[in-house]
Amino acid sequence: MSERKAIESWLTDMDGVLVHEGVPVPGAPEFVARMQQSGKPFLILTNNSIYTPRDLQARLSRMGIEVPEQSIWTSALATAQFLADQRPDGTAYVIGEAGLTTALHAVGYVLTDYAPDYVVLGETRTYSFEAITKAIRLINGGARFICTNPDATGPSNEGDLPAAGSVAAMISKATGVEPYFVGKPNPMMMRSALNTIEAHSETTAMIGDRMDTDVLCGLEAGLQTILVLTGISTRAETERYPYRPSRIVDSVADLIGEV
């Protein structure tokens with residue numbers, strides 16, 4: 001195997017890497033501070049489309065992780081960019097929260113339930129049966145089906161909640177139409193992030209806590225991949241996958257000296 005090039009830019013997942021169950025991972029504030037001090041390009045990524053970057057900036061700040069708003073990249077932003085590239089100034093019927101609707105408005109999209117170009121499904125705290133029914137009818141009428149991310153469940157204080165991937169499966173069952181998922185593990189999420197910070201895949205590392213999303217999409221986008229053990233995947237579980245991360249470390253605290 002050829003020697004990997006030095007890391008000049010960083011992409012890192014948020015939940016399970018920098019924060020876990022509402023508290024910062026030990027060493028995460030120092031790691032983010034070091035990335036900013038280094039001057040190297042970086043982005044914090046999340047598949048969650050509920051929040052705007054400003055919302056997430058405030059959430060991280062309350063936990064002692066200071067990061068500029070422009071250094072946060074969400075599946076909502078990636079979805080909006082994808083749609084703007086595919087069909088500029090289009091129209092969409094959206095099931096989602098402010099993170100998604102704000103991103104779509106910012107790229108010039110009109111949100112409507114009248115013959116939209118797309119039905120765009122994202123995360124929301126309260127999925128409405130009425131809204132899902134409307135989405136099914138619009139897709140049957142010819143609207144293209146987009147989903148921000150394929151995650152089947154999301155975390156809450158009470159336990160797992162159904163997430164966009166589960167609702168997408170219900171809509172697909174009713175329509176026979178599969179959505180195009182923009183978020184991880186689609187390497188589109190990685191490439192849009194790389195373009196945002198003008199980074200090159202050969203000199204960028206992706207840090208994540210999940211083999212099936214973070215490591216997979218980093219690998220498919222040609223990045224170095226670093227699995228941390230502070231979230232979902234364990235060291236033993238990595239042996240069940242046909243691919244491997246470039247490295248496994250206990251947490252981002254082990255990477256502070258490398259930034």
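Trainee: Is serine 192 buried or exposed, to start with?

Mentor: This is a predicted model, where local features need pLDDT of at least 70 and side-chain atom pairs pLDDT 80 or more, while totals for chains, interfaces and linings use all residues. Residues are numbered from 1 along each chain as its sequence is written, and side-chain values use heavy atoms, leaving out hydrogens and water. Buried means under 20% relative accessible area, exposed over 50%, partly exposed in between (1.4 Å probe, protein chains only). Serine 192 has a relative accessible area of 5%, so it's buried.

Trainee: Which residues does serine 192 touch, skipping those up to four places away in sequence?

Mentor: Contact means heavy atoms within 4.5 Å. By that rule, serine 192 touches Trp73, Ala78 and Gln81.

Trainee: What is the N to O distance in the salt bridge of aspartate 113 and lysine 134?

Mentor: A salt bridge puts a side-chain nitrogen of Lys or Arg within 4 Å of a carboxyl oxygen of Asp or Glu. Aspartate 113 is partly exposed at 40%, and so is lysine 134 at 34%. Their side chains meet with an N to O distance of 3.5 Å.
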